[in-house]
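This briefing covers the sheet, the helix packing and a few selected residues. The sequence and coordinates come first.

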Amino acid sequence: MGTDVELAVLFSDVVGSTRIYEALGDQRAREVIAICLDLMQGATEAHKGTVIKTIGDEVMATFPTADDAMNAAAQIQRSISTHS
């Protein structure tokens, strides 16, 4: 039998990405979304997380603890909102 493992799962998504595409056009919107995904991945890795998959403008990641996931989510919010 397998061993039970506890972990936290975090889903992060770029809210309003459809409006970003409408406002900026496909090329620039893809660049902006790519920056957001890079920031999400960086925050995940900085807090002991593992990116499981990305789909479009979403990231699914796992963390060893809920605190790590929460800290990554907070960093994602800060880094995206303050990024130029």
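**Structural briefing**

Ser79 is found in helix 3, where helices (H or I, at least four residues) and strands (E, at least two) are DSSP runs numbered from the N terminus. This is a predicted model, in which local features need pLDDT of at least 70 and side-chain atom pairs count only at pLDDT 80 or more, while totals for chains, interfaces and linings use all residues. Residues are numbered from 1 along each chain as its sequence is written, and side-chain values use heavy atoms, with hydrogens and water left out.

- Three strands form an open sheet in the order 1-3-2, with antiparallel pairing; two strands pair if DSSP finds at least two bridges between them.
- Strand 1 and strand 2 are at the edges with a single partner strand each, so one side of each has no neighbour in the sheet.
- From one strand to the next, the twist averages 20°; angles run from 0 to 180 degrees between N-to-C directions, and axes are lines fitted to C-alpha atoms, for helices over the stretch in contact.
- Strand 1 (residues 8-13) pairs with strand 3 over six bridges in the antiparallel sense, and Asp13 stands opposite Glu58 in strand 3.
- In a regular strand the side chains alternate between the two faces of the sheet.
- The covered face of strand 1 holds Ala8, Leu10 and Ser12, and the uncovered one holds Val9, Phe11 and Asp13.
- Strand 2 (residues 50-55) and strand 3 (residues 58-63) run antiparallel and are joined by five bridges.
- Thr50 stands opposite Thr62 in strand 3, and Lys53 has Met60 of strand 3 as its bridge partner.
- The hairpin of strand 2 and strand 3 has two residues between the strands, and Gly56 in the turn has a positive phi of about 60°.

**Helix packing**

- Helix 2 (residues 26-46) and helix 3 (residues 66-82) pack at an angle of about 145°, their axes being 9 Å apart.
- The contact (heavy atoms within 4.5 Å) involves Cys36, Leu39, Met40, Ala43, Thr44 and Ala46 of helix 2, and Ala72, Gln75, Ile76, Ser79 and Ile80 of helix 3.
- By class, this contact of helix 2 with helix 3 has eight nonpolar, three polar and no charged residues; Ala, Val, Leu, Ile, Met, Phe, Trp, Tyr, Cys and Pro count as nonpolar, Asp, Glu, Lys and Arg as charged, and the others, Gly among them, as polar.

**Selected residues**

- Ser79 counts as buried because its relative accessibility is 18%; buried means under 20% relative accessible area, exposed over 50%, and partly exposed in between (1.4 Å probe, protein chains only).
- The side chain of Ser79 reaches the backbone oxygen of Ile76 at 3.2 Å.
- His47, in the loop between helix 2 and strand 2, is buried, with a relative accessible area of 18%.
- Leaving out residues up to four places away in sequence, His47 touches Phe63, Asp68, Asn71, Ala72 and Gln75.
- Lys48 lies in the loop between helix 2 and strand 2 and is exposed, with a relative accessible area of 60%.
- Although Lys48 is not a glycine, Lys48 has a positive phi of about 65°.
- Gln27 lies in helix 2 and is exposed at 52% relative accessible area.
- The side chains of Gln27 and Glu31 make a polar contact (3.1 Å), meaning a pair of N or O atoms within 3.5 Å; within protein, one must be able to donate a hydrogen and the other to accept it, and residues adjacent in sequence count only if both atoms are side-chain atoms.
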